Amino acid sequence: MKKPIKTIVLGASLLGLVACVEESGSQAPQSTPSVGSSTDVTSFQGARAGQAEGGLMSLGYEPIRSQGLTTYWFNRDTGACAEITTSDGRYSRVVMVPAEDC
């Protein structure tokens with residue numbers, strides 16, 4: 001009788017482990033943020049500056065110049081320019097401006 005009990009316990013244990021496996025899917029990691037685009041990043045307003053900076057860079061933007069708490073970000077591929085003001089660690093104001101402003 002001991003052998004069938006061991007088999008049942010072992011089977012139940014394996015079934016429990018199989019049920020715990022997560023499906024990772026075949027999706028590739030995102031290289032671009034889920035907000036903004038290469039021509040408009042106004043949706044970044046309110047975002048944490050440290051985290052949003054990587055998102056801007058992945059969209060092709062680079063910081064061109066700064067004046068106080070305001071940084072001008074330029075996308076050379078699209079010619080888009082964003083004026084971004086930081087306050088309390090967040091992007092408090094994000095405005096798309098003419099390329100000449102960068």
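Glycine 68 takes a positive phi near 65° in the hairpin of S1 and S2, where two residues lie between the strands. The model is predicted.

S1 and S2 run antiparallel and are joined by six bridges. Within this pairing, proline 63 stands opposite tryptophan 73 in S2. Arginine 65 lies over the face of tyrosine 72, at 3.9 Å from the ring centre. That contact is between a charge and a ring. For pairs of aromatic rings, the count in the structure is zero.

Asparagine 75 has alanine 80 in S3 as its bridge partner.

| Strands | Sense | Bridges |
|---|---|---|
| S1 and S2 | antiparallel | six bridges |
| S3 and S4 | antiparallel | seven bridges |

**Strand S2**

S2 is mostly covered, with six of its six residues buried. In a regular strand the side chains alternate between the two faces of the sheet. Both faces of S2 are covered. On one side, Thr70, Tyr72 and Phe74 are buried. On the other, Thr71, Trp73 and Asn75 are buried too. Tyr72 is the ring that arginine 65 lies over. Trp73 is the residue opposite proline 63.

**Helix and overall layout**

The protein has two helices and four strands in total. From the N terminus on, the elements run α-α-β-β-β-β.

Buried residues make up 23% of the 102 residues in the protein. Consider the contacts between residues at least 6 apart in sequence: 37% of them join residues at least 24 apart.

**The disulfide**

How many disulfides does the model hold? The count comes to one. The link joins cysteine 81 to cysteine 102, with an S to S distance of 1.8 Å. Cysteine 81 lies in strand S3 (residues 80-87), and cysteine 102 lies in the segment after strand S4 (90-97), so the pair ties together parts that are 21 residues apart in sequence. The link is right-handed, with 85° about the S-S bond.

Are the two cysteines buried or exposed? Cysteine 81 is buried, at a relative accessible area of 1%. Cysteine 102 is partly exposed, at 22%. The cut-off for buried is under 20% relative accessible area, so the value of 22% puts cysteine 102 in the partly exposed class.

Cysteine 81 also has a place in the sheet: this residue stands opposite valine 97 in S4. S3 and S4 pair there in the antiparallel sense over seven bridges.

Note on methods: Residues are numbered from 1 along each chain as its sequence is written. This is a predicted model: local features need pLDDT of at least 70, side-chain atom pairs count only at pLDDT 80 or more; totals for chains, interfaces and linings use all residues. Side-chain values use heavy atoms; hydrogens and water are left out. A disulfide is a pair of cysteine sulfur atoms within 2.5 Å. Buried means under 20% relative accessible area, exposed over 50%, partly exposed in between (1.4 Å probe, protein chains only). Rings of Phe, Tyr and Trp (its six-membered ring) pair if their centres lie within 6.5 Å; planes under 30 degrees apart count as stacked, over 60 as edge-to-face and the rest as tilted. A charge sits over a ring if NZ of Lys or CZ of Arg is within 6 Å of the ring centre and within 35 degrees of the ring normal. Two strands pair if DSSP finds at least two bridges between them. Contact means heavy atoms within 4.5 Å.
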